[in-house]
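Subject: Handing over a structure

Dear colleague,

I am passing on the structure below, and after it I have set out what was found. Please read the notes with the structure open beside them.

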Amino acid sequence: MTSFMPQLDDIHSLAFTQALQHKIDNKTKPLGSLGRLESLTLKIGEILGTDSPVLQAPQLVVFAGDHGLARRGVSAFPQDVSWQMVENFLAGGAAVSVFSRLNDIALTVVDCGVNHDFLAGLPAGTQRPGLRVCKVAGGEHGTADALEQPAMSAAQCQEAMQNGMALVQTLPGNALLLGEMGIGNTSAASLLLARLAGLDIEVCTGAGTGLDAPAVQRKTAILRDVLARHADAKEPLQALAALGGFEIATMVGAVLQAGAERRVVVVDGFIATSAVLVAHALQPLVLQRCVFAHRSGERGHEFMLQHLGVQALLDLGLRLGEGSGAALAWPLLLSSCAMLREMASFESAGVSEKAAAPAASAATAVVH
């Protein structure tokens, strides 16, 4: 089943990495004084394969889908919020809309399986600006209730992933920022984390859109039953089909395709990272292409980041989703590239480098 996926090569080259690090180290600054911005600069240079990186035509894609499990009361909001928020994105009124405009990031919303027809009443063939409809056959209203059956069939899961791959192939630029929308999708992300990282569902489950403590306990109990219902779904694609959402599966395909094209993949929060969690389980080299924007306030996100062995750029207590954290982190990526391209070296600026340690004088060089 994995033959349809693009294959990723190891992008690391010791000689290139050393040359890139040398260029960073010789900028007019004390060694390492720009902290984690320097490691970010190194990573972007490695992904793009250049010591003068330019991030072009960034694309923030919000993958949207509904979840049959939502009817179990695992979210504080009704399912209709999914399609209503998609309309809000398209109208430019959501947080991610504002942050994308501010940072000149193109925003696209993908209907991966929202229980709504966004083209209803329009002439056949009409396209709405900023919207792509990529529903899978039989998944027009969202995934099935995972407590009763697999959220999607193996064929639907593959089709969703292929939709994500095809979408990325149509997008310009060399950076993909991940966003998502879907009432109930923190449950899907928690389930995937528990299954793929081998953690107890309790440590993976949080408040989502704002559940109180008793509701989180009920949510946890439901998710525990879902995991028991699909105890045999242990391989990554089996787990994705049984537990995930159409928007997560589509995002997995998009991440793998972007990685194969050596785009910089900017990962938002909990749900976006769950897609990378699956993609990493399928092709570990995908992490070489990923920059993690922030650590979410959603409980399970920290465990996801730990499992992947990565550190996020920001820690602002965000738990909105949408790609909002990815858009907020974007200026850091721009700054890191500008530093590498434009900051003077000691030699070019005529600035003296750090002096060597002075030799001990005869008066102080006492031999004991």
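Phe63 has Val110 in β2 as its bridge partner, and strand β1 (residues 59–65) pairs with β2 in the parallel sense over seven bridges; strands here are DSSP runs of E with at least two residues, numbered from the N terminus, and two of them pair if DSSP finds at least two bridges between them. This is a predicted model, in which local features need pLDDT of at least 70 and side-chain atom pairs count only at pLDDT 80 or more, while totals for chains, interfaces and linings use all residues. Residues are numbered from 1 along each chain as its sequence is written, and side-chain values use heavy atoms, with hydrogens and water left out.

Strand β2 (residues 106–113) is mostly covered, with six of its eight residues buried, that is, under 20% relative accessible area with a 1.4 Å probe, protein chains only. Three bridges also join β2 to β3 in parallel, where Asp111 has Val133 as its partner.

These strands belong to an open sheet of six, ordered β3-β2-β1-β4-β5-β6 with parallel pairing, whose edge strands, β3 (131–133) and β6 (290–292), each pair on one side only.

Phe63 is also among the residues with the most contacts inside the largest nonpolar core, which has 72 residues; such a core is a set of buried Ala, Val, Leu, Ile, Met, Phe, Trp, Tyr and Cys residues joined through side-chain atoms within 4.5 Å.

With kind regards

Notes:
Buried means under 20% relative accessible area, exposed over 50%, partly exposed in between (1.4 Å probe, protein chains only). Helices (H or I, at least four residues) and strands (E, at least two) are DSSP runs, numbered from the N terminus.
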